[in-house]
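Subject: Structure for your review

Dear colleague,

My notes on what was found in it follow directly after.

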Protein chains: 2
Amino acid sequence: MRKFKPVTTNQVQVQGGFWGERLGLNRCVTLPIEYQQCKMTGRIDAFKLDWKPGSPDPPHIFWDSDVAKWIEAACYSITTHPDARLEKKIDYVVKLISEAQQEDGYLNVHFTVVEPEKRWSNLRDQHELYCAGHLMEAAVAHLEATGRREFLDVMCRYADYIVSVFGKGRKQKRGYPGHEEIELALVKLYRATGRRSYLDLAKFFVDERGRSPHYFDREARERGEDPVRFGGHDYFQAHLPVREQETAEGHAVRACYLYAGMADVAAETGDRELLVACRRMWKNITEKRMYIHGGIGSSRFGERFTIDYDLPNEEAYAETCAAIALVFFAHRMVQMDTDRQYSDVMERALYNCIPAGVSLDGTRFFYDNYLASFPGSHRFTGQKPPVRQEWFGCACCPPNLARIFASLGGYVYTQTTRSIFVHLFIDSRTTVQLAGQQVTVTQKTEYPWDEDVQFEISPSVPVTFTLAIRVPGWCEAYLASVNGRPVKSKARLRKGYLYLRRQWQKGDRIRLHLTMTVKRVESHPSIRQNAGRVALQRGPVVYCLEEKDNGKGLNDLVLAKDSVLVGKKHSSGVLSGIPIVRGKAKRRESVSWKGTLYRPSRTRYQACKITAIPYFIWANRGEGEMVVWIGEVV
Amino acid sequence: MRKFKPVTTNQVQVQGGFWGERLGLNRCVTLPIEYQQCKMTGRIDAFKLDWKPGSPDPPHIFWDSDVAKWIEAACYSITTHPDARLEKKIDYVVKLISEAQQEDGYLNVHFTVVEPEKRWSNLRDQHELYCAGHLMEAAVAHLEATGRREFLDVMCRYADYIVSVFGKGRKQKRGYPGHEEIELALVKLYRATGRRSYLDLAKFFVDERGRSPHYFDREARERGEDPVRFGGHDYFQAHLPVREQETAEGHAVRACYLYAGMADVAAETGDRELLVACRRMWKNITEKRMYIHGGIGSSRFGERFTIDYDLPNEEAYAETCAAIALVFFAHRMVQMDTDRQYSDVMERALYNCIPAGVSLDGTRFFYDNYLASFPGSHRFTGQKPPVRQEWFGCACCPPNLARIFASLGGYVYTQTTRSIFVHLFIDSRTTVQLAGQQVTVTQKTEYPWDEDVQFEISPSVPVTFTLAIRVPGWCEAYLASVNGRPVKSKARLRKGYLYLRRQWQKGDRIRLHLTMTVKRVESHPSIRQNAGRVALQRGPVVYCLEEKDNGKGLNDLVLAKDSVLVGKKHSSGVLSGIPIVRGKAKRRESVSWKGTLYRPSRTRYQACKITAIPYFIWANRGEGEMVVWIGEVV
């Protein structure tokens, strides 16, 4: 069912523009910093297996995955930007990992040196299969980056061992991971090696999930524990068999890793029922449980989905990893159905929640992504401070950011033998095979700050194929032209993609103009937290108000109904070149309140102006209030 | 400094009206239920000291206090409403308690049968002195109710023992309770017995608090623990000596019990500095950290104060006990200064947060008192469900409600030898000594539903004294008359009290008319959670919207600016006789949202009507949405 394969990361050179800058920073600043952190915190050296019982700082159950994600990110990086020093670092770590593999193929630091007797004894909580999955992904990326199979072979040995441990055989475990991830990794490994057993195991993990009698409970009893439910089985998406699940439940990262894996299995096996289950989850998330910035998992209690339309702003969790996981899921779905409902969400997360996860200088990270912040009170709620951190004890987000950025080229296009689909507007260059010919597709754009995207199509010889370009859902007015001739677009539009089929000549140019007015966006009335409020959006970019530009008391600003909101580029500082939104508003007067907390209402408002900046830039100019959803005159 | 002594509970017969009904329910339904719960859960039988190590359900460290509060409440009840069966129950429990006293005077179930070796080893966390305090209060109430000293004597022995353990002597502990309460109890015991050592110990506890080196840390080290701070010393109001504290910090119940104790010590010792510290705390709480319903302690993490103006509605904690503790504090302050800033807050809590703590039928209780509720999401936040419960594992609130209700008569008046002060409007009758004569003061009123309060003053012989009546802060227009002759009130008003000095004759009548229009109340602009919203208040009663009357989507209702809000009495059901507020509003249209979560704003509103009911009645007619703060047209 996977009709549309991605043009892979190594084929797409991201160049200038918005992403050129950010990916450069990712490569030159973030990746080295993350290596440093993994080194300093002992995550890398842990693979030497020299931790001894009684020593401090035992290797943690998910350390392996942090290192794996760093390798994966670094491999993507050298794919597009060869770097001998970085490759040496990768090789060093890969060697350490390889040497940590046990005789039987097993490879997990914690369960080799800290609790060897507990191997596979607690799939529910212990992240063994999760770590294995990340290592597999890293190994596939390593093969693609270097062409060398040594890491892949190590991970195949591990995978083969896992295949022997899990299954329906009498001596096998009918278990599955508490933290999903290995499902999608096994499909990657299958695609890299052609070994069917990996795909079969992925399918096994997907299908066993949530069956009765419940594996997690049985396993808990075997450990001598009462099968108390850590947040209930829904926390692990194991409350029902996945095909019977109606809504996206539990830990949001786990959920979307699972759904991505389900989509992968469906894609490879043609399992329609599984695809239908994926669509149901997609619909539930994107129609009822997703923040405007593309974040998901609104509660920090369990980092999880809660109920439909429950999307608090100050208390938002919206873990960076969860938004990334949603992009993984979307990316799988768009490979089966070229529908902008998937790529629009990919874009929503990529320009809002995800880039907010890292500071503009690439050195600090957000784990949770609030949609409103009023400094001070978080100290009493257990929330993380509204300031990006250098690192985390649970450091999943930073290397996840690094790997999605480093592989971003792989999200731009999908193709068949005779068609190519443009999902993202990224200044880049790629050369692909279409209708048997080499075709170079170049995008020139300052998107999302500018409204224009220029495509140049250069086949080696004139050749007929279809180029389909996404028209974003946010865009109400656009113009497309081929070599200066306007495209009559209505008829050519299908599921949000503009289909251009013709014989393409070297140097053909397409211009896409996407009108970017500043829009007020309202949310579904059932999102009680946004009642009476609108968000500002320009193109795919969601804006916010910061105290820095608007003073304190952001909740007391009310947008005037008739105010034209204008986005004009800023000239200096970190906002240089970025459209800043300005407009008229009212501010509640706050005089003569001394000694009074409540009084008969005589609220008055004064005219004022507001300045909004892109959401993802917030908290880069010091600490202060921030809101995404702004009061509006009724 | 205590110039004004309360007319005590046993002197004031609450009769009909609002409180007559509620106190009857408290007496006939709540008190028996709470006895039953204490019995069923083993709290009462625990005093038999027959729990053995290894048995299940060890007596909990604060069980003693639950039973003590029930005794105290029951004693108040028989003071005003003699009841032989209830007295028998009290005597039974008092006997059990007395028999649980140890040779040396010690009296605590947990630390006698469960962890005897740990007596006084962890004042920070273990509630020993807190339990002692509640037992002392119960013993004083028992003396007042029965005239018998047996329980008082038991508690004096315990108090004497505590006096021997704590102090500055070389072999004494310089500690103080992690959960305050004993301070105010010791002053009660001092007043009941005249024994100076109790007052001195109360003062000692107050003054030792927060000194360096820090007792809690020293004590933790002695237990072999790292003095990790459970929420920091401010959680226990022990971050600084109390006289140096600037703001109300930490656990709100503990805080206000402490402040009440400080005020008591100041009152008895004339310690001005301590009084100034009390005033500072009072100011900080009531000007910056109190909900409109009189609840305090906005965060459920630590049941505590957070920062100024941080008063979330859905996430409000506002423990019932904390509002009660605030009334205790207010009641102490008004005994030193007849200023309505204290009695207004007493009234605010008594008509809003506190009565919300118990269902209209007297059988179920709220621990936390939300100011907005949208069913469903609490399951994912660790909040308690928005439904009153039969009982709690930590059952402090139900017996606290019972004792404040049963003793409510004691909050109505204070007096000197020649003056009497009316703080609350409660249908009641009292006979006091004024200027050497017996004077009966009767209040007839349906307050807070009706605007009129009738006083009848009947001295045995004509006598001159001052009667000062509080004019509530919420009231902008009132009329007072004596025997039908209007009182020119401006000149007679001092700190919110109307001073009437004259020679009173038998049958003199005062009529006070307090105009109760329905008011929109706004909150300080720094309370970000209420931006753009108003609350409705009629008299002292804060109103709310419930789904039952207004449908779902309460956050999408917006009050029209020009709407006249009318309070009219309801004719049937649980709301019978209660003014219901109605007015015009707009409701956001919620059509054609299928499949859409965010869209360009085209918000439209439809005219509608709203119905508001008194806040304290919420959640008595099934589960549903509720808001106190309502959107208003800008």
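In this predicted model, β20(A) (579–588) and strand β22 (residues 605–614) of chain A are joined by 8 bridges and run antiparallel. Strands here are DSSP runs (E, at least two residues) and helices likewise (H or I, at least four), numbered from the N terminus; two strands pair if DSSP finds at least two bridges between them. Within this pairing, Lys586(A) stands opposite Ala607(A) in β22(A).

Strand β19 (residues 566–569) of chain A is joined to β20(A) by 4 bridges, with Lys568(A) partnered by Ile580(A). Strand β18 (residues 557–559) of chain A is joined to β20(A) by 3 bridges, and there Leu559(A) has Ala585(A) as its bridge partner.

Strand pairing also crosses between the chains. β21(A) pairs with strand β15 (residues 518–523) of chain B in the antiparallel sense, over 3 bridges. Arg599(A) stands opposite Glu522(B) in this pairing.

Turning to the interface, 63 residues from chain A and 63 residues from chain B take part in the contact, where contact means heavy atoms within 4.5 Å. The size of an interface is often given as the accessible area lost when the parts come together. Chain A and chain B bury about 4,900 Å² between them, 59% of it on carbon and sulfur atoms; buried area is the accessible area (1.4 Å probe) that two parts lose on being put together, summed over both. In chain A, the residues that lose the most area to chain B are Phe380(A), Glu522(A) and Tyr598(A), together 18% of what that side buries.

There are 6 salt bridges between the chains (a side-chain nitrogen of Lys or Arg within 4 Å of a carboxyl oxygen of Asp or Glu). One of them links Glu314(A) and Arg528(B), at 2.7 Å from N to O.

As for confidence, chain A averages a pLDDT of 96, and 100% of its residues score at least 70; pLDDT is the predictor's confidence in each residue, from 0 to 100. The complex receives from the predictor an ipTM of 0.96 and a pTM of 0.95.

Residues are numbered from 1 along each chain as its sequence is written, and chains are lettered from A and ligands numbered from 1 in the order in which they are written. Local features need pLDDT of at least 70 and side-chain atom pairs count only at pLDDT 80 or more, while totals for chains, interfaces and linings use all residues; side-chain values use heavy atoms, with hydrogens and water left out.

Kind regards
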